[in-house]
Amino acid sequence: MPSGPTLLAAQQWEPVVWKKAAPTGQAAKGVTAVNAARRQGTEVETSKKFSAAGNKSSAAVVPNAKKLDENSETFRHKTVSHDFKLALQQARLAKKMSQADLATAINERSSVVSEYEAGKAIPNGAIINKLNRALGVRLPRAK
């Protein structure tokens with residue numbers, strides 16, 4: 001008995017077929033690959049991506065650009081009214097509170113109170129209710 005690996009005495013005469021790999025990546029999507037698939041009779045679906053083959057960013061393409069150009073309105077958030085900010089200041093000063101004291105009383109930052117008194121704040125019903133309770137007054141509608 002031999003001590004090493006044994007060799008098979010019979011030879012294998014099966015044919016070996018070498019196939020070229022199908023194109024992948026960009027080559028598979030090329031015009032020549034699509035035309036070759038059409039010639040073979042396979043079903044081919046082609047679709048162009050949005051703004052493909054262009055040197056434009058997607059943000060530069062605005063579908064309603066004409067409407068935006070024609071629209072000259074300026075849109076702003078509604079802020080508290082002049083009457084509201086004056087009433088808030090007078091009520092705070094009548095209680096002899098600083099903005100920081102009022103802010104701690106309603107559990108908000110002092111910047112919130114200063115924005116309301118400056119008339120720059122966007123009205124928030126919960127904060128207005130806190131101000132009403134802390135100051136003991138009924139402030140006018142913020143509008």
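**Exercise 1. Aromatic pairing**

Determine how many aromatic pairs the predicted model contains, and classify the geometry of Phe84 and Tyr116.

*Solution.* The count comes to one aromatic pair. Its members are Phe84 and Tyr116, with 6.1 Å from centre to centre and 55° between the planes. Ring centres must lie within 6.5 Å to pair, and planes under 30 degrees apart count as stacked, over 60 as edge-to-face and the rest as tilted. The pair of Phe84 and Tyr116 is therefore tilted.

**Exercise 2. Placement of the pair**

State which helices hold Phe84 and Tyr116, and decide whether each residue is buried or exposed.

*Solution.* Phe84 belongs to helix α3 (residues 82-94), whereas Tyr116 belongs to helix α5 (residues 110-118). The pair therefore ties together parts that are 32 residues apart in sequence. For the second step, the cut-off for buried is under 20% relative accessible area. Phe84 has 0% relative accessibility and so counts as buried. Tyr116 has 2% relative accessibility, so Tyr116 counts as buried.

**Exercise 3. The chain as a whole**

Describe the secondary structure of the protein chain, its contacts between residues at least 6 apart in sequence, and its burial and surface.

*Solution.* The protein chain has six helices and zero strands, and its elements run α-α-α-α-α-α from the N terminus on. Of the contacts between residues at least 6 apart in sequence, 58% join residues at least 24 apart. Buried residues account for 20% of the 143 residues. The accessible surface of the protein chain is about 12,500 Å², and 53% of this surface belongs to carbon and sulfur atoms.

How values were computed:
Residues are numbered from 1 along each chain as its sequence is written. This is a predicted model: local features need pLDDT of at least 70, side-chain atom pairs count only at pLDDT 80 or more; totals for chains, interfaces and linings use all residues. Side-chain values use heavy atoms; hydrogens and water are left out. Rings of Phe, Tyr and Trp (its six-membered ring) pair if their centres lie within 6.5 Å; planes under 30 degrees apart count as stacked, over 60 as edge-to-face and the rest as tilted. Helices (H or I, at least four residues) and strands (E, at least two) are DSSP runs, numbered from the N terminus. Buried means under 20% relative accessible area, exposed over 50%, partly exposed in between (1.4 Å probe, protein chains only). Contact means heavy atoms within 4.5 Å. Accessible areas come from the Shrake-Rupley method with a 1.4 Å probe; for residues, only the protein chains shown count as cover.
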